[in-house]
Amino acid sequence: MGNFIVTPSPHITSNHKTSTIMRDVIIALMPALVAAVVVFGIRALVVTAVCVASCVLFEYLIRRVMKRDATISDLSAVVTGILLAYNLPVTIPLWIAVIGSFIAIVVVKQMFGGIGQNFANPALTARIVLFASFAVHMTTWANPFDIDTISSATPLLDIEHADTMALFLGNVPGCLGETSALALLLGGIYLVLRRVISPVIPLTYLGTVFVLSWLLGSDPVNQLFAGGLMLGAIFMATDYATTPITTKGKFIFALGCGLMTIAIRLYGSYPEGVSFSILFMNLLTPLIDRVTKAKAFGTQKKKKGAEE
Amino acid sequence: MSNFKTFSKGILEENPVLVMLLGTCPTLATTTLASTGVGMGLATTFVLVCSNIVISMLKRVIPKEVRLPCFIVVIAGFVTFVSFILQAYIPDLYDSLGIFLSLIVVNCIILGRAEMFASKNKVGASALDGLGMGLGFTLALFVIGSCREILGFGSWLGISFEDLLGFWPEPMLFFITPAGGFFVFGVVIAVVNLIMRAKNRKPKEKIGCEGCPHKAECTKQEGGCDAC
């Protein structure tokens, strides 16, 4: 009888820890980094390194200043750094990248209580603040394979005539990590197979964009592969802390993201709407969570007029 | 309450914007530059002092049931006065404040002070209260405006740092946007809370051994009071 161990619930545990999940995300982000270095050259690696180093440094310093436990070993700051770098053009001045890391880690993440407490995706919010601050730097797209020449525009502006294969492989101007749909898809498949993310959000998001752009007369395949949609749908819209918990909630979340993205892309004044739509749905997440709360086992929904 | 206290409480302790969170609309709208913030603050201070005095004088005449419309009429009179003066003598400020100058009429700080203070207190105290609250409002607008101008335009009170120093990093236009205004507003409120908390903590440290509730037990132990 001595073999029984009495413990409080939960009794079913998994091997997932924050650091192992973050490690998987980092591994999944690597193909896109390789693609970025191949397409944009070694400066892509430099920008990523600066973002990661400054994110980890800010995370360490702010936890020291706020007298909280050090959390850099959970690797979440590394992921934020990589995602932030993927959202910057390769020509970005490095000091702007450092400001972005400060906004992501200190303002968006730690001021709201650190990992799991932030209401919006840190890398995404940093990108939007930088976009609102340094519009010229943030929209200076380098040509692939020749970053000294500046491209006129992102392929999003002329989506009908874009080369689908170039968009798929990443041979187009754009942010560092968003150009190669192939590399991002590889990372996404890895995350789904490792059960780090559920495929509900990426599939619903991409599906909504596909169907809507087809219905509204745009080129649906090019809409999928262009801009930051793949990066957003696979890596940003699946952040645990800022997306709904239940499958139904995730579905609503991704549907909203898709609607907003297409609305901004086709009718808005900005060429790209992925970051705004995900941020907007981040803000709605607590409400979605409340509406889609799981029913406790054995309870019944109150029928209308049951009290009378 | 002493006269000085009546005046000074509006500066920090009961600052209308940063503590009572009244008048947020002009605070966010007119603080893209430090100078427009100060202009807005001073115009409001003038209206606030005058309306406080008049409402305090009229407090026995105004029937309770219709006091709010009466207050608004008094306030609107002074706002019209200020906007004519500014249009005539400081047209630049008049243009940059735009619609927000007329909107001083519905600024909740002014109506709030009329309702909470001027209609219940003597004329002198009401004037001091209005002056303190107005200067507190001006100070808040100046601080927020300075932060936003320095970070968003790279200048302060119209003086560009780049002209002055020869170099200055590119300013972050984010701070000029409404979102940046909210951000700076929140940070300034947090700083004020920190200051107030530090202020309130001081007396507790001064208690020492005499005020300590455990004094009776501590003094019996070895090492006496210092060991506790």
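Me: Helices here are DSSP runs of H or I with at least four residues, and they are numbered from the N terminus. With that in hand, where is Leu21(B) found?

Reply: This is a predicted model, so to speak of it is to speak of computed values. Leu21(B) sits in the loop of chain B between helix H1 (3-8) and helix H2 (24-29).

Me: Why is Leu21(B) called partly exposed?

Reply: Count the other C-beta atoms within 10 Å of its own: there are 13. Buried takes 20 or more, exposed takes 12 or fewer, and partly exposed is what lies in between. With 13, Leu21(B) is therefore partly exposed. Leu21(B) also has a positive phi, about 55°, although it is not a glycine.

Me: What makes Arg195(A) count as exposed?

Reply: Arg195(A) has 11 C-beta neighbours inside 10 Å. Exposed means 12 or fewer, so 11 puts Arg195(A) in the exposed group.

Me: And how do you know how Ile96(A) counts?

Reply: Ile96(A) has 19 C-beta neighbours inside 10 Å. Being buried takes 20 or more, so with 19 Ile96(A) counts as partly exposed. Ile96(A) belongs to helix H4 (residues 94-109) of chain A. Skipping residues up to four places away in sequence, Ile96(A) touches Leu130(A), Phe134(A) and His137(A).

Me: How many residues apart in sequence are Asn171(A) and Ala35(A), and what is their C-alpha to C-alpha distance?

Reply: They are 136 residues apart in sequence and 9.3 Å apart in space. For another pair, take Ile96(A) and Lys248(A): they are 152 residues apart along the chain, and their C-alpha atoms are separated by 38 Å. Back at Asn171(A), it touches Val39(A), Pro144(A) and Ala166(A), if residues up to four places away in sequence are left out.

Me: Now some helix pairs. Why are H9(A) and H11(A) called roughly antiparallel?

Reply: Helix H9 (residues 200-215) and helix H11 (residues 229-236) of chain A pack at an angle of about 150°, with their axes 8 Å apart. Roughly antiparallel needs an angle over 145 degrees, and therefore H9(A) and H11(A) get that label. The crossing of H9(A) past H11(A) is right-handed.

Me: Which residues in H9(A) and H11(A) meet?

Reply: On the H9(A) side they are Ile201(A), Pro202(A), Tyr205(A), Leu206(A) and Val209(A), and on the H11(A) side Leu229(A), Ala233(A) and Ile234(A). Sorted by class, this contact has eight nonpolar residues, no polar ones and no charged ones.

Me: What makes H11(A) mostly covered?

Reply: Eight of the eight residues in H11(A) are buried. Among them are Met230(A), Gly232(A) and Phe235(A).

Me: Then why are H1(A) and H3(A) called roughly parallel?

Reply: H1(A) and helix H3 (residues 76-86) of chain A pack at about 25°, with axes 9 Å apart. Angles under 35 degrees count as roughly parallel, and therefore H1(A) and H3(A) are roughly parallel to each other. The contact includes Met22(A), Val25(A) and Leu29(A) of H1(A), along with Val78(A) and Ile82(A) of H3(A). By class, this contact has nine nonpolar, two polar and no charged residues.

Me: Which residues touch the most other members of the largest nonpolar core?

Reply: The core has 124 residues, and those touching the most other members are Val47(A), Leu84(A), Ala85(A), Leu176(A) and Val47(B). Its largest share, 11 residues, comes from helix H1 (residues 18-40) of chain A. In soluble globular proteins, nonpolar side chains tend to be buried together.

Me: And which residues is Ala85(A) in contact with?

Reply: Leaving aside neighbours within four places in sequence, its contacts are Val47(A), Thr48(A), Cys51(A), Ala97(A), Leu176(A) and Gly177(A).

Notes. Residues are numbered from 1 along each chain as its sequence is written. Chains are lettered from A and ligands numbered from 1 in the order in which they are written. This is a predicted model: local features need pLDDT of at least 70, side-chain atom pairs count only at pLDDT 80 or more; totals for chains, interfaces and linings use all residues. Axes are lines fitted to C-alpha atoms, for helices over the stretch in contact, and angles run from 0 to 180 degrees between N-to-C directions. Helices (H or I, at least four residues) and strands (E, at least two) are DSSP runs, numbered from the N terminus. Angles under 35 degrees count as roughly parallel, over 145 as roughly antiparallel, 65 to 115 as roughly perpendicular and the rest as oblique. A crossing is left-handed if the near helix is turned anticlockwise from the far one by less than a right angle, and right-handed if clockwise. Two residues are in contact if their C-beta atoms, placed from the backbone, lie within 7 Å. Ala, Val, Leu, Ile, Met, Phe, Trp, Tyr, Cys and Pro count as nonpolar, Asp, Glu, Lys and Arg as charged, and the others, Gly among them, as polar. A nonpolar core is a set of buried Ala, Val, Leu, Ile, Met, Phe, Trp, Tyr and Cys residues joined through C-beta atoms within 7 Å.
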